[in-house]
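Work through the exercises below with the model open. Try each task before reading its solution.

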Amino acid sequence: MSQMPQPPQLSACPTCDEPPQSGDRYCDRCGADLSAAAAAAEASADRPVPPQLSGAVRATRPEPDPEDDYELAAPATGGQGQAADPRAAGALGTDGTAPPAGPAPETGASTHTGAAPGAAGTGTGSGTGTGTGTGADPRLPGFEPGPRCAACQEGTIGQDGFCERCGHAQGRERDHVESELEGIAAATDRGLRHHRNEDAFSVSSAELPDGSPVVVAVVCDGVSSATRPDDASAAAAHAANEALMASLPHGAHPQQAMNEAIVAAAEAVNSLAVETDGPASHPEQQRHQNAPACTIVSAVVTSDILTVGWVGDSRAYWVPDDRTAPPARLTEDDSWAAQMVAAGLMSEAEAYADERAHAITGWLGADAYELEPHTASYKPDRPGVVVVCTDGLWNYAESAEEMARAVPPDARARPLNSAQVLVGHALGGGGHDNVTVAVVPFPAAPGRAGSA
């Protein structure tokens, strides 16, 4: 039987000391050319020859399938009621200290990091650079170094998200995102089992025509079994927020504005199916295709009224400051479990224990047969917070009482800290799904108009 010629073998990589596997021509860890190093060592044992590095070597492992999950252990609690994110260990040295810092992240209302919840602004950005990082001479005019690899700290990141030197895959920008405006905050995290974050959110604040404040939170959860779920959730969150910010400052009734915003979000998701399938796709054909889809839940809070709107199984909860007063769930799921309970066929405990519990019966997308936005308005008689979240959180705090116990007592005064703690609560429970939560104090606090 013919065989490919095998290169001379080394006991360890001369660059990083990684033991190579049989037949390896390049180091799996740093990308060093093992065959060249072995040949040089064999040719001149008494005269050391530096190994030749290949700056274009990239890991040959295939990209993970979008439906695959990473099996990771649940994290240990990491102080101040938050979960320690085991993914952070990848960016630390063997002694647990942080590696040399790269360029400082930009400051602003929105923080994009690969750090654990509660560590906003401390992580190193992991976005895609504008160049490949190979072949550019730093002595030439106009040279701009790209982001550095979190693994080897030397290679730059290519547009495909891999280190150009060692081939290490980098974190995505949406793996962990936090935003804070005066009177509202939100956070989203990829979780511990999924390879990407398919949730999205948008938070904004403005003034009504009478000068009183209004704040808006939109949270969307991409349907994983659909095409481009991450794009669907991002498009819906942006469109709904834009619609609310266009109508509320001009005096629109919050409930009517909410209904129109959900319709606008649905149209934005529908347009993704046209982009995917081409302009010739017929609406009837789109219903039979795996079109992009997501759920949506949104809250509008003013000085005296709280309005929520939703489609799907993302939820909103009311948690009063006075924890002796009862909390409440403000939304009803569009799901198989909710239908079973509403029909009196199963108890809530039985329905949500069934494997079909989270099969949704309402969503935004071109293959949704009918769009039925749900809206409701409330006038709470005391201060508190609205928790707007995906099932990545409420799976670990399903009832209103459980959610109230998970929300910190000072949530209304420190909404960002509360959002971080709630993300940590989900990760500490197992982090089986993407988790997104917005914490909206009631009544709305006066502040500057903005969006994030």
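**Exercise 1. Aromatic pairs**

Find the aromatic pairs and classify their geometry.

Solution. Start with the search. Over the whole structure, two aromatic pairs turn up.

Take Trp318 and Phe442. Their ring centres are 5.9 Å apart, and the planes meet at 80 degrees. Planes over 60 degrees apart count as edge-to-face, so this pair is edge-to-face. Trp318 belongs to strand 8 (residues 315–320), and Phe442 to strand 13 (residues 435–442). The pair therefore ties together parts that are 124 residues apart in sequence. Then check burial. Trp318 is buried at 10% relative accessible area, and Phe442 is buried at 4%.

Now take Tyr352 and Trp394. Here the centres lie 6.2 Å apart and the planes stand at 90 degrees, so the pair is edge-to-face. Tyr352 sits in helix 6 (residues 348–353) and Trp394 in helix 7 (residues 391–394). These distant parts of the chain are 42 residues apart. Trp394 is buried, with a relative accessible area of 0%.

Which residue lies over the face of Trp394? Arg315 does, at 3.4 Å from the ring centre.

**Exercise 2. A hairpin**

Describe how strand 2 and strand 3 are joined and paired.

Solution. Begin with the pairing. Strand 2 (residues 176–181) and strand 3 (residues 184–189) run antiparallel, with six bridges between them. Leu181 stands opposite Ile184 of strand 3. Next, the turn. Two residues separate the strands, which form a hairpin. Gly183 in this turn has a positive phi of about 95 degrees. Last, the surroundings. Five of the six residues of strand 2 are buried, so the rest of the structure largely encloses this strand.

**Exercise 3. Backbone exceptions**

Solution. Recall the background first. Most residues other than glycine have a negative phi, and most peptide bonds are trans. Pro443 lies in the loop between strand 13 and strand 14 (450–451). Arg228 occupies the loop between strand 5 (213–222) and helix 2 (229–247). Its relative accessibility is 26%, so Arg228 counts as partly exposed.

**Exercise 4. Cysteines**

Solution. Check the distance. The sulfur of Cys163 has its closest cysteine sulfur in Cys166, 3.7 Å away, which is too far for a bond. A disulfide needs the sulfur atoms within 2.5 Å. Now check burial. Cys163 is buried at 0% relative accessible area, and Cys166 is buried at 9%. The structure as a whole holds zero disulfides.

**Exercise 5. Confidence**

Where is the pLDDT below 50?

Solution. Take the overall figures first. The mean pLDDT of the protein is 76, and 64% of its residues reach 70 or more. The pLDDT is below 50 over residues 1–7, a stretch with five contacts beyond near neighbours in sequence. It is also below 50 over residues 44–140, where 145 such contacts occur in the model. Where pLDDT is low, the predicted coordinates should not be read in detail.

Technical notes. Residues numbered from 1 in each chain as written. Predicted model: local features only at pLDDT ≥ 70, side-chain atom pairs only at ≥ 80, totals over all residues. Heavy atoms only, no water. Phe/Tyr/Trp six-rings, centres within 6.5 Å; stacked < 30°, edge-to-face > 60°. Helix = DSSP H or I, 4+ residues; strand = E, 2+ residues; numbered from the N terminus. Buried < 20%, exposed > 50% of the residue type's maximum accessible area, 1.4 Å probe, protein only. Lys NZ or Arg CZ within 6 Å of the ring centre and 35° of its normal. Pairing = 2+ DSSP bridges. pLDDT = per-residue confidence, 0-100. Contact = heavy atoms within 4.5 Å.
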